[in-house]
Amino acid sequence: MDPEEIIELLNRDFRHELEATMLYTYNSFVIEDCDISRLTEAIAVDEMRHMWWLADLITKRGGRPSMETGEIEYIGEDIKAGLEKQIEKETEGIEEYERQIAIIDDEEVVGVLKHIVDEEKRHRKEFRERIAKL
Ligand SMILES: [Fe+2]
Ligand SMILES: [Fe+2]
């Protein structure tokens, strides 16, 4: 796989992490349940750290991270629906990272993506545990 292709995939991940950071940051401002709000805030920080790791991989390969985002569906009045959206966001990320891990032949990139996917699985588990308690 040539570096341009890898940069393109990493930028897709980067945009996804940017969206997750924005989604969770905003949601943590408006969720009234203290435990869920603090968890969402802490996970927003994890997602920003993922942006940082991806940006490092992108710039080292001569690319520039893209700050464009798709549409972000922020939480409404229904906290359960909002958490479900957060879980969906994690699942989309996990599936995309796993797809990329299987096709990218750059050891450093694969190592970072594996680390990120482990954290996304933990996030999903934490959100699922909160939904189960509602
Ligand atoms: Fe992430
Ligand atoms: Fe995550």
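Author: We will take the annotations, then a helix pair, then the cores. Keep in mind that this model is predicted.

Reader: Which residues does UniProt list for "domain: Ferritin/DPS"?

Author: The unreviewed entry lists residues 7-133 under that name. Now look at the span itself. Residues 7-133 are 81% helix and 0% strand. The end C-alpha atoms of that span lie 40 Å apart.

Reader: What does the annotation "coiled-coil region" cover?

Author: In the unreviewed UniProt entry, that annotation covers residues 80-107. The span is 89% helix and 0% strand, and its end C-alpha atoms lie 39 Å apart.

Reader: How are two packed helices described?

Author: By the angle between their axes and the distance between the axes. The crossing of helix 1 past helix 3 is left-handed.

Reader: Which residues in helix 1 meet helix 3?

Author: Among them are Leu 9, Asp 13, His 16 and Ala 20. On the helix 3 side, the residues include Gly 82, Gln 86, Lys 89 and Gly 93.

Reader: Is Gly 82 buried or exposed?

Author: Count the C-beta atoms around it. Gly 82 has 22 others within 10 Å. The cut-off for buried is 20 or more, so Gly 82 is buried. Setting aside neighbours within four places in sequence, Gly 82 is in contact with Asn 27, Ile 75 and Gly 76. Gly 82 and Ala 20 are 62 residues apart in sequence and 13 Å apart in space, C-alpha to C-alpha.

Reader: How many residues are in the largest nonpolar core?

Author: That core has 13 residues. Those with the most contacts inside it are Ile 6, Leu 10, Phe 14, Leu 54, Leu 57 and Ile 58. Helix 1 (3-30), helix 2 (34-60) and helix 4 (107-133) each give two or more residues to this core. Helix 1 gives the most, with 6 residues.

Reader: What is Leu 54 in contact with, leaving aside its neighbours within four places in sequence?

Author: Leu 54 is in contact with Leu 10, Asp 13, Phe 14, Glu 17 and Pro 65. A second, separate core has 8 residues, including Leu 23, Ile 36, Leu 39 and Ile 75.

Notes. Residues numbered from 1 in each chain as written. Chains lettered and ligands numbered in written order. Predicted model: local features only at pLDDT ≥ 70, side-chain atom pairs only at ≥ 80, totals over all residues. UniProt positions renumbered as here; feature names shortened; annotations may be inferred. Helix = DSSP H or I, 4+ residues; strand = E, 2+ residues; numbered from the N terminus. Core = buried A, V, L, I, M, F, W, Y, C linked by C-beta atoms within 7 Å. Buried ≥ 20, exposed ≤ 12 C-beta atoms within 10 Å, placed from the backbone. Contact = placed C-beta atoms within 7 Å. Left-handed = near helix turned anticlockwise from the far one by under 90°.
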